[in-house]
Amino acid sequence: MALGREAYPLDLSSIIGPEGVIAGLKTATKKQALQELAARAAEITGVHERTIFDILLERERLGTTGVGQGIAIPHGKLAEIDRLFGLFARLDQPIDFESIDEQPVDLIFLLLAPRAPVPITSRPWPRSRACCATATPAKNCATATRSKRSTRCSPNPASRTQLKTPRVPPHPTLSSQEERARHRALKGH
């Protein structure tokens, strides 16, 4: 089934307005870029610049938001806002953003979301119809947990064993060092 525009009531223009587009942002480092974007986001959202910057740095500590091919998508959740906000910046010169492909970044899309759940009518994505762990309808999922980092579906205790990596039995003729190397190879490390 193809989803038409009516399935996504949220328009990109409701997230990012003309004041949220920065052409030719002059910055030399990732930290400086995040500071500049936090300052612009503060003007748009009314949230203190330092609060936004701290949220962005906290997220970057979890792992880079440089997704590759010259693009970074720094993001965070703020209790002080009640809708999604975005900023788009094209950098004057590409910078090192510690991207997953190790390429410099020249396009940054900053996304700020409310800490409280976004009402279903404001979501730009459809609700998931399946539990991520068991591929069963989400309504049959035992619990849904929300942590600081993510929202995920937790299967019922009976299906948890399906999620575990199968234990590899020891090889009868290998030394412990060879055995560790074999385990790493089997796990794909």
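By class, 6 nonpolar and 2 polar residues line the largest cavity, with no charged ones; here Ala, Val, Leu, Ile, Met, Phe, Trp, Tyr, Cys and Pro count as nonpolar, Asp, Glu, Lys and Arg as charged, and the others, Gly among them, as polar. The lining consists of Ala41, Ile44, Thr45, Phe85, Gly86, Leu87, Leu110 and Leu112. Two or more of these residues come from each of helix 2 (30-45), strand 5 (85-95) and strand 6 (105-114). Helices (H or I, at least four residues) and strands (E, at least two) are DSSP runs, numbered from the N terminus. A cavity is a set of points on a 1 Å grid over the protein atoms alone where a 1.4 Å probe fits but cannot get out, and lining residues have an atom within 4 Å of a point.

A word on the model: it is predicted, with local features needing pLDDT of at least 70 and side-chain atom pairs pLDDT 80 or more, while totals for chains, interfaces and linings use all residues. Residues are numbered from 1 along each chain, and side-chain values use heavy atoms, without hydrogens and water.

Let's turn to helix 3. In this helix, Ile52, Phe53, Ile55, Leu56, Leu57 and Glu60 are buried (under 20% relative accessible area, 1.4 Å probe, protein chains only). These buried residues pack against helix 2, strand 4 (75-78) and strand 6. Just after the helix, Gly63 has a positive phi of about 160°.

Finally, look at the loop between strand 5 and strand 6, where Ser99 sits. Ser99 is buried, at 5% relative accessible area. Beyond its neighbours within four places in sequence, Ser99 contacts Thr64, Gly66, Gly68 and Val105, with contact meaning heavy atoms within 4.5 Å.

Note on methods:
On a 1 Å grid over the protein atoms alone, a cavity is a set of points where a 1.4 Å probe fits but cannot get out, and a pocket is an open set with protein on both sides within 12 Å along at least five of seven lines; lining residues have an atom within 4 Å of a point. Buried means under 20% relative accessible area, exposed over 50%, partly exposed in between (1.4 Å probe, protein chains only).
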